[in-house]
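Take a moment to look at the structure below. We will walk through it one part at a time.

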Amino acid sequence: MAQERLAAIAGIHEYPLRVAPGVSSMQIKADSMKKALEDAGLDWGDVDGLYDALDGEGGGGLGLAAYLGIKPRLLDTTQVGGSSYEFHASHALRDIAAGRCNVAVTTYGSTAASQRVPIGTGGMGRGGASWQQNMEAPYGSTLISNYAMVAHRHMHEYGTTTEQLAQISVATRKHAMRNPEAVKAMTDLQFVKVDEISVEDVLESRIIADPLHLLECCMISDGGGAAVFVSPEIARDIKKKPVWIIGAGEATKYRENGGDITTSAGAQSAPAAFAQAGVTPDEIDIAMIYDSFSITVAVMLEDLGFCAKGEVGQFIDDGHLAFDQPGLTLNTDGGGLSSNHPGMRGLFLLLESVRQLRGESTSQVDGAKLAVAHGNGGLLGGTHTGGTVILAAD
Amino acid sequence: MANRPQPSFPEPDTQHFWEGCKEGELRYQTDSDGNVVFYPRGHSTVTGDRDLSWNVSSGLGSVYTYSVVRQNRMPGFQELGAYAVAYIDLDEGFRMMSTIVGVDNPTTGISIGQRVQVEFEEQDGEGAYPIPVFRPV
């Protein structure tokens, strides 16, 4: 099936520091936008579309344009957690195809590490009165415990083991050690061991919320970045080869009476994205999956269709994931586990997909043609969103 | 622990549920077609109609899944040792987040599928709402 090529990613930038004291999230956003435009060979004044996830001190589409000093003709403030940037790419495909804008940007800036934000272990339920807070706040659930409850159920239903989940952390760290910015990140964030890790290392790290160990949990960093989305006409004249957005899907899922906690919103968003792209999971070279925790990746590998529900343990044992192994390659930048997680990692999934499809990754897969970026926002096991974006090399 | 975070009011969807806890009742809603609605709301999540009635659960159910939290930096929880957070599937067909009490070591004493019974844990402070928790049976 012929892929429609209606919008492309033309420029990217990943803010290089993971500990950036004295810098504001807004400065990270503006700096990243400028560098992503330079990467594309485009100018500040070319921007006519602005997507934002309400991050930083910005005020979304209302406040960010004013800070940047631009007057876009399309404003979209979609905030659905860490998958917001997959939703932005999805909307950019739709909006550019409809002629609503030609050069659109999404930016991200966070100083979560410098501000010591306890994202994973801070506890939920401090948001005041709401129907959901009132039912959950008394129990001391943390962000991590939501994911951990998914892991327990997955282990119970399918026999998935901690050793299998740990291999996700091992492969991701292998990629991180090849990425100088990831190595600097782990050094600056004072990781105990800045080196490749083994399954035993993961199992010997302390448990944060059963059954998840420290080395199955993503870091909390500062950081940010930007991506520039353009029309096919603009894509012809940019500095580097465009990377085409050929399919996108969006979905949400939540706690339901009798619901299956081991299946995520990805099971709804991914088929929609693959259908639009006209490709199948077995054609994908690179999977950039939001690795908030090991279990997140395990569930998404199934929900994206790389293996059947319940079979991810065997899929991992079969020897995929690392860039120098055959088959599907995972999170070649080092992921949120070992390179960059300032709170909403979704943007970096797009950025590393672009690097792979341009041939610029530090763990490059030769001849990579197709990538999937899948973001998960909110709480796996609780209310969450899934955003799937299929990307193709020029 | 007897000083868990309390529900906040006014909050019209969940007020009747929490008043039930003061009566020793675990309350849930059904719509006129018999669909179970939980957490409490003003409308049926199946039809959108506002034709809900309240029922009292037997309080018996099974552990659907759980985690034992070892690290929570939130005041009130950070001083605790390991404690369980769980989803309980009540026999009437609704799933709620809760905790499991009466287990010496939560890391070894809880299992998925375990049968549990609700009880209402009294909280410090005058007029505080008792919190529904579950104990293995």
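In what order do the three strands of the open sheet in chain B stand? The order is β2-β1-β3, and the pairing is antiparallel. Now look at the edges. β2 (36-37) and β3 (53-56) of chain B stand there, and each has a single partner strand, so one side of each has no neighbour in the sheet. Next, follow one pair of strands. Strand β1 (residues 27-30) of chain B pairs with β3(B) in the antiparallel sense, over four bridges. You can find one facing pair of residues here: Gln29(B) stands opposite Trp54(B), which lies in β3(B).

Before going on, remember that this is a predicted model. How confident is the prediction? For chain B, the mean pLDDT is 94. In that chain, 99% of residues reach 70 or more. The model as a whole scores ipTM 0.95 and pTM 0.96.

Stay with chain B and step back to its domains. The domain assignment gives domain 1 (9-56) and domain 2 (58-137). Their centres, taken over C-alpha atoms, are 21 Å apart. Where the two domains of chain B touch, eight residues of domain 1 are in contact with 10 residues of domain 2. Which helix supplies the largest share of the domain 1 side? Helix α1 (residues 15-22) of chain B does, with three residues. By class, the domain 1 side that touches domain 2 of chain B divides into six nonpolar residues, one polar and one charged.

Now move to chain A and pick out two helices. Helix α3 (residues 84-97) of chain A packs against helix α14 (residues 346-358) of chain A. The angle between them is about 60°, and their axes are 6 Å apart. α3(A) and α14(A) are therefore oblique to each other. Which residues meet? From α3(A) come Ser84(A), Tyr85(A), Glu86(A) and Ala89(A). From α14(A) come Gly346(A), Leu347(A) and Leu350(A). This contact has four nonpolar residues, two polar and one charged.

Finally, bring the two chains together. Here 33 residues of chain A are in contact with 39 residues of chain B. On the chain A side, α4 (131-136), α5 (143-158) and β5 (207-209) each supply at least two residues. Which of these elements gives the most? It is α5(A), with six residues. The side of chain A that touches chain B holds 13 nonpolar, 16 polar and four charged residues.

Technical notes: Residues are numbered from 1 along each chain as its sequence is written. Chains are lettered from A and ligands numbered from 1 in the order in which they are written. This is a predicted model: local features need pLDDT of at least 70, side-chain atom pairs count only at pLDDT 80 or more; totals for chains, interfaces and linings use all residues. Two residues are in contact if their C-beta atoms, placed from the backbone, lie within 7 Å. Ala, Val, Leu, Ile, Met, Phe, Trp, Tyr, Cys and Pro count as nonpolar, Asp, Glu, Lys and Arg as charged, and the others, Gly among them, as polar. Axes are lines fitted to C-alpha atoms, for helices over the stretch in contact, and angles run from 0 to 180 degrees between N-to-C directions. Angles under 35 degrees count as roughly parallel, over 145 as roughly antiparallel, 65 to 115 as roughly perpendicular and the rest as oblique. Two strands pair if DSSP finds at least two bridges between them. pLDDT is the predictor's confidence in each residue, from 0 to 100. Domain bounds come from an automatic or database domain assignment.
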